[in-house]
Amino acid sequence: MEFSARGLVLAERTVGEWDKSLTLLCEGIGKISVWARGAKRVKSPLLAACSMFVLGSYSFVKKGERISVTSAQPEETFFGLRTDVEGLSLAAYLCELCRTLCAEQQPEDELLSLTLNALYALSEKRAPAEVVKPAFELRSLAQSGFLPALGSGCMVCGEREFPLYFSSQAGGVLCARHSAAQRDAQAISPSVLSAMQYICSCEAKRLYSFCLPPEALDQLSHHCEAYVTTTLGAQPQTLRFYRSLCGDIKKIEENQ
């Protein structure tokens, strides 16, 4: 069977000396694993479109359980990511999160659009990484059926007076009394709660149009990152690498 689709390369793995195994998120199809024969060869017509973070148009042939790429044309390579090691590592984490949330061959066009917008924002520096990361984390989970309870008060009793707390394990906001039973509950400020509500409900094109001071951004990042780890049951390896890299960059800047 032959078919074509537009898709984003979420992961690549070298097989043998010249071949690649790719994970693509395709419009109208969803996540698929494909074989790109000879894609590592310098003169291969598949070379440009069969790399991480590339959005392209692909043609496939399916024989049995194997799907092979027969032709590919890149549309967007997000070249700006290659000039920024921090942006590149964050993009790798966002793609891993996207890949983890997607079921095999189930259309995920909203998540594809969300991921493409995040890569564009990082590549073109349209929004800082400190905004893109938590916004993508929370929005991708919400779109995938893991919308936290972020109403105007405690998810148990409806208490609206601050202090309020966010618990990843409980999946939402709790008052002081009900947060006591959740060991992971952390205080959440009114501005951060408003930002999380905005991220989950705003128009996709305005996802990164919120502003928070540095301290509040740190708190937002902490809550969203904790929610990812709790929801997935583990911290993604690319997230650990990104965090380690940011720590190293911060040390270098402090010593300059």
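Buried residues make up 48% of the 256 residues in the protein chain, where buried means under 20% relative accessible area, exposed over 50% and partly exposed in between, with a 1.4 Å probe and protein chains only. This is a predicted model, in which local features need pLDDT of at least 70, side-chain atom pairs count only at pLDDT 80 or more, and totals for chains, interfaces and linings use all residues. Residues are numbered from 1 along each chain as its sequence is written, and side-chain values use heavy atoms, with hydrogens and water left out.

**View 1. Overall fold of the protein chain.** The secondary structure comprises seven helices and eight strands; helices (H or I, at least four residues) and strands (E, at least two) are DSSP runs numbered from the N terminus. The chain has a radius of gyration of 20 Å, close to the 18 Å from the globule rule for 256 residues, so it is as compact as a globular protein of that length. That radius is taken over C-alpha atoms, and the rule is 2.2 Å times the number of residues to the power 0.38. Along the principal axes, the C-alpha atoms fill a box of roughly 65 × 50 × 30 Å.

**View 2. The largest pocket.** About 400 Å³ of space lies in this pocket. Of its 15 lining residues, Glu 86, Glu 130, Tyr 242, Arg 243 and Cys 246 are the closest to the centre. A pocket is an open set of points on a 1 Å grid over the protein atoms alone, where a 1.4 Å probe fits, with protein on both sides within 12 Å along at least five of seven lines; lining residues have an atom within 4 Å of a point. Grid points are joined across faces, edges and corners, and the volume is the space filled by probe spheres set on them. Helix 7 gives the most to the lining, with seven residues.

View 3. Cys 224 lies in helix 6 and is buried, with a relative accessible area of 2%. Beyond its neighbours within four places in sequence, Cys 224 is in contact (heavy atoms within 4.5 Å) with Pro 134, Glu 137 and Leu 138.

**View 4. Surroundings of Ser 68.** Strand 5 (residues 66-76) holds Ser 68, which is buried at a relative accessible area of 18%. Leaving out residues up to four places away in sequence, Ser 68 touches Trp 35, Ser 59, Phe 60 and Val 61.
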